[in-house]
Amino acid sequence: MTRSLSVFKRLLVGEPFASGHRRPSLVLSKRYAIPLLAVNPISSVAYAPEQVFLVLGAAGTAAYAFSIWTGVAVAAVMVVVIASYRYTVQAYPGGGGDYRIVAANFGPRAGRLAAAALVLDYILTVAVSTAAAVAALDALWPALHPWREWIAVAAIAVLAAYNLRGLRVSGRFAAGVTLAFVAGMAALLAVGFARIGGGEDLAAASAGYETAETSEWTAAALLVLCARAFAAGSVALTGIETFTTRVRFFRPPRGRNAAAAITAVGGATLALFIGIVVLAKLTGAQSSAEPGPADYLAHPLIAQLTDAVFGASPAALWPIMLATAGVLLLAANTAFVGFPQLASIFAGDSLLPRQLHKRGDRLVYSNGILILAVAAAFLVLLFGGGAHDLMDLYIVGVFLSMALAHAAMVRHWRGVLDVERDPARRRRAHRARATALAAAAACAAVLAIVVLADHRRGGWIAVLVIGGCYLLMLFISRHYTAVREEIELPPGKPRLPARSHAVVLASSVNLPLMRMLAYASAARPDTITALTVNVDAAASRQLLAEWDRRGFTVPLTVVDSPYREITGPIVDYVKERRRGAPRDVVTVYLPEFVVGQGRQKGRVRRGYFNWTTNLLHNQTTKAIRRQLKYEAGVMICIVPWILGESTEPPPLRRVHR
C-alpha cells in the first residue's frame with residue numbers, strides 16, 4: 001500500500017525538486033503585472049452586476065428602476081476603496097496584505113480576526129469563481145447544468161493538482177485571457193450602446209418575464225431591498241485587496257507602480273461594472289434565483305446581454321463566454337497561489353498548524369493547497385454549485401478584512417501625523433487618513449447590511465465560520481506559546497540524568513530478544529534488566545530454564561500478574577524503578593515486527609507477507625507504549641524486526657558469559 005501511494009503521488013505531483021531549485025523571478029514590469037494581477041478584480045465583473053439584478057428581481061420588474069442608482073452607490077464605494085488602497089501600497093511597499101497591516105496597527109487580536117476573515121475570503125474565491133465559471137459554460141452547453149456542482153468540484157481538483165505540481169500560469173497567457181475578457185466586455189458595451197443610441201430597440205430574452213408582484217412591496221421594504229442589492233453588488237470590489245499582498249511583484253519603485261496598477265485595474269473594473277448595469281437596464285434583462293418557465297433565466301447576465309446585442313450569434317457568444325470562464329478559473333488559480341503562502345505566514349506566526357509552514361516536494365505549500373481545495377469543494381457541494389448562494393459568505397469575508405485594514409490605516413496615518421512636520425507630507429497624510437476613514441465606514445456599512453438586513457441568505461454562516469476560525473487560531477497560538485515556554489532552555493547549565501537504566505521486555509528467547517539485548521548493551525546503561533510478566537506459570541518456568549541454559553548475564557526479572565494483565569505490571573515496575581530515584585532515566589526496549597518485504601541474499605521475497613497481517617502483531621507493544629509515553633523520565637526504544645529477513649543480530653558481548 002505504501003508503495004502504491006508513493007507511485008500515485010509521483011504521478012499526481014511529479015518528481016521532487018531539490019532545495020536549491022531555482023524558480024522563475026516574480027518581478028514583473030507594469031505591462032505584464034497589471035493584466036496578470038487584474039485577474040481577481042476584473043473577474044468580479046462576470047458576476048457582480050448580476051447580483052444587483054438578482055436581489056432587485058425579488059420585488060418585480062419595477063424594482064429594476066433602482067438598478068442604475070444601486071450601481072452608482074457601488075461605484076462610489078469602489079472609488080473610495082481604490083483611493084485608500086493607493087495610499088496603502090505606498091505606505092507598505094514591502095507588501096504583507098491586510099493581515100500584516102491590521103496586526104501592525106491594532107495588535108495580534110485584531111490580526112487574528114483579519115486572518116480568520118482572509119481564510120474564508122480565499123476559500124470563497126475558489127468556490128465562487130469556479131461556480132461562476134461553470135455557469136458561464138452552462139450558457140454554451142445547457143446540458144451541463146444538472147451536473148454543475150460536480151463539474152465545479154472537478155475544476156477545483158484540476159487546479160489543485162496543477163498547483164501541487166509546482167506549475168505556474170504563464171504571465172503572458174494570464175494577461176492574454178484577461179485582456180480577451182476585457183476586450184469582449186468592451187465590445188459588448190460599445191456595440192450595445194451604439195445600437196441603442198442608433199434608435200434600435202434591444203431587448204434581452206428575459207425582458208418579458210414578470211418575477212413578482214410589485215404591489216406587495218412597501219417603500220420601507222424597497223429601501224431594504226435596495227440596500228441588499230447595494231451590498232450584493234459590492235462584491236465587485238473583491239480582488240482589489242490582493243494588490244497589497246503582491247506589491248513585491250512590481251519593479252522599483254514598487255509602491256508607486258502598485259498604486260498606478262490599482263488605479264488602472266480599478267478604473268477598468270468600475271467602467272465595466274457600471275456599463276453592464278446600465279446596458280442590462282436598457283435591454284430589460286432580468287435575473288432570478290428562483291426557477292422560471294424558460295431556460296434563459298438560468299443563463300448568466302453576461303450571456304443574456306451578448307444574445308441581445310449580437311443577436312444570439314455563436315461567433316460572439318462563444319468567445320465572450322469562454323473568455324469569461326477562463327478569467328474566472330484564473331481567479332480561482334490565483335487563490336491557490338496566494339492562500340498557501342498566506343497560510344504559511346499564519347503558521348509562522350503560530351496561528352495555524354506548523355505543517356502549513358513547510359514546502360512540499362515541488363517547493364510549494366502542498367498542505368495549504370489541499371486544505372483550500374477540500375474546503376472550497378465542500379462549500380460548492382453544500383450550496384449546490386450556485387455562485388449566488390455563496391455570495392453573502394464571500395462578501396462577509398472580504399469586507400471584514402477590508403474594513404479592518406482601512407481602519408488600521410486610519411491609525412497608521414494618525415501615527416504619521418504625530419511625528420511628521422513637513423507641511424506637504426502632513427497634507428498628504430491628512431488626505432490619506434480621511435480616505436481610509438471613508439473606506440472603512442463604507443466597508444463596515446456593506447458588512448452590516450449583509451449580516452443584519454440580508455441574514456436569510458447566509459451572512460450569519462460566515463460570521464460563525466470566521467468566529468470558529470478565530471477561536472481555533474487563538475487555541476493554536478496559546479498552545480504553541482505554552483509549548484515554546486515549556487521547552488525553552490533554562491538559564492545556567494542544564495541538569496543531566498543521574499543514572500540510566502535499561503529494561504528489555506522478554507516473552508521468549510528468540511532473535512528479536514537478542515537484538516534488543518544487544519542494542520541495550522551498546523547504549524552502556526548503568527543497569528540492564530530483562531523483564532517478563534508471569535501470566536502463565538509453565539511458560540515462565542520454561543523461559544527461566546532457557547535463560548539459565550543460555551547463560552545470560554543480564555538478570556531476568558519476573559513480575560506477577562494475578563489477573564493475567566501484561567501492560568499494567570510492566571508500567572508499575574517502571575514507575576517503581578523511578579520512584580526511588582526521580583533523576584534517573586529508564587529506557588524501555590520494546591520489540592516491533594515489521595510486516596512487509598524481507599531481503600535474503602540480495603533477492604526480495606515477494607508475496608510471503610501482506611500488509612493486512614499487521615493486525616496480528618505489535619498489539620501488546622502499542623498498548624505498553626501508550627501507557628509509558630505519559631511517564632516523565634521514561635524513554636521508549638522500539639527495536640524493529642523486519643519479518644522475512646535472516647540477518648543475524650549484532651554480537652552480544654556483554655550478554656553471555
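Figure 1. pLDDT stays under 50 over residues 598–609, where pLDDT is the predictor's confidence in each residue, from 0 to 100. The model still has 20 contacts beyond four places in sequence for this stretch; a contact means heavy atoms within 4.5 Å. Where pLDDT is low, the predicted coordinates should not be read in detail. This is a predicted model, in which local features need pLDDT of at least 70 and side-chain atom pairs count only at pLDDT 80 or more, while totals for chains, interfaces and linings use all residues. Residues are numbered from 1 along each chain as its sequence is written, and side-chain values use heavy atoms, with hydrogens and water left out.

**Figure 2. The whole protein, with 21 helices and seven strands.** Helices (H or I, at least four residues) and strands (E, at least two) are DSSP runs, numbered from the N terminus. Mean pLDDT is 84, and 85% of the residues reach 70 or more. Of the 657 residues, 49% count as buried. Buried means under 20% relative accessible area, exposed over 50%, and partly exposed in between (1.4 Å probe, protein chains only). Among contacts with a separation of 6 or more, 83% join residues 24 or more positions apart.

**Figure 3. Helix α16, residues 423–453.** The helix has 31 residues. From first C-alpha to last, α16 reaches 44 Å, close to the 45 Å expected at 1.5 Å a residue. That expected span is 1.5 Å times one less than the number of residues. At the start of α16, a side-chain oxygen of D422 comes to within 3.3 Å of the backbone nitrogen of A424. Buried residues of α16 include A432, T435, A436, A439, A440 and C443. V446, L447 and V450 are also buried. An α-helix has 3.6 residues a turn, so residues three or four places apart point the same way.

Figure 4. The structure holds six aromatic pairs. Rings of Phe, Tyr and Trp (its six-membered ring) pair if their centres lie within 6.5 Å; planes under 30 degrees apart count as stacked, over 60 as edge-to-face and the rest as tilted. Y99 and F346 form an edge-to-face pair, because their ring centres are 4.8 Å apart and their planes stand at 80°. Y99 belongs to helix α6 (residues 97–106) and F346 to helix α13 (residues 314–348), so this pair ties together parts 247 residues apart in sequence. Y99 counts as buried at 5% relative accessibility, and F346 does so at 0%. Y122 and F339 form a tilted pair, because their centres are 6.1 Å apart and their planes at 50°. Y122 lies in helix α7 (residues 108–138) and F339 in α13, so the pair links parts 217 residues apart in sequence. Both Y122 and F339 are buried.

**Figure 5. A charge over a ring at R354 and Y480.** The charged end of R354 sits over the ring of Y480, 4.1 Å from the ring centre. A charge sits over a ring if NZ of Lys or CZ of Arg is within 6 Å of the ring centre and within 35 degrees of the ring normal.

Figure 6. P41 is in helix α3 (residues 39–43). P41 counts as buried, at 0% relative accessibility. Beyond four places in sequence, P41 touches A236, T238, G239, I240, F243, V265 and T269. The C-alpha atoms of P41 and E241 are separated by 8.8 Å, although the two residues are 200 apart along the chain. T88 lies in helix α5 (residues 67–91). T88 is buried, with a relative accessible area of 2%. Leaving aside neighbours within four places in sequence, T88 is in contact with I101, T244 and M409.

**Figure 7. L471, an exposed residue of helix α17.** Helix α17 covers residues 459–487. L471 has a relative accessible area of 55%. L471 and L113 are 358 residues apart in sequence, yet 9.3 Å apart in space, C-alpha to C-alpha.

**Figure 8. Positive phi at S350 and N618.** Most residues other than glycine have a negative phi. S350, not a glycine, has a positive phi of about 65°. S350 lies in the loop between α13 and α14 (366–382) and is buried, at 7% relative accessible area. Phi of N618 is near 70°. N618 sits in the loop between β6 (603–605) and α21 (619–628). N618 is buried, with a relative accessible area of 12%.

How values were computed
Polar contact = N/O pair within 3.5 Å; in protein donor to acceptor, adjacent residues only side chain to side chain.
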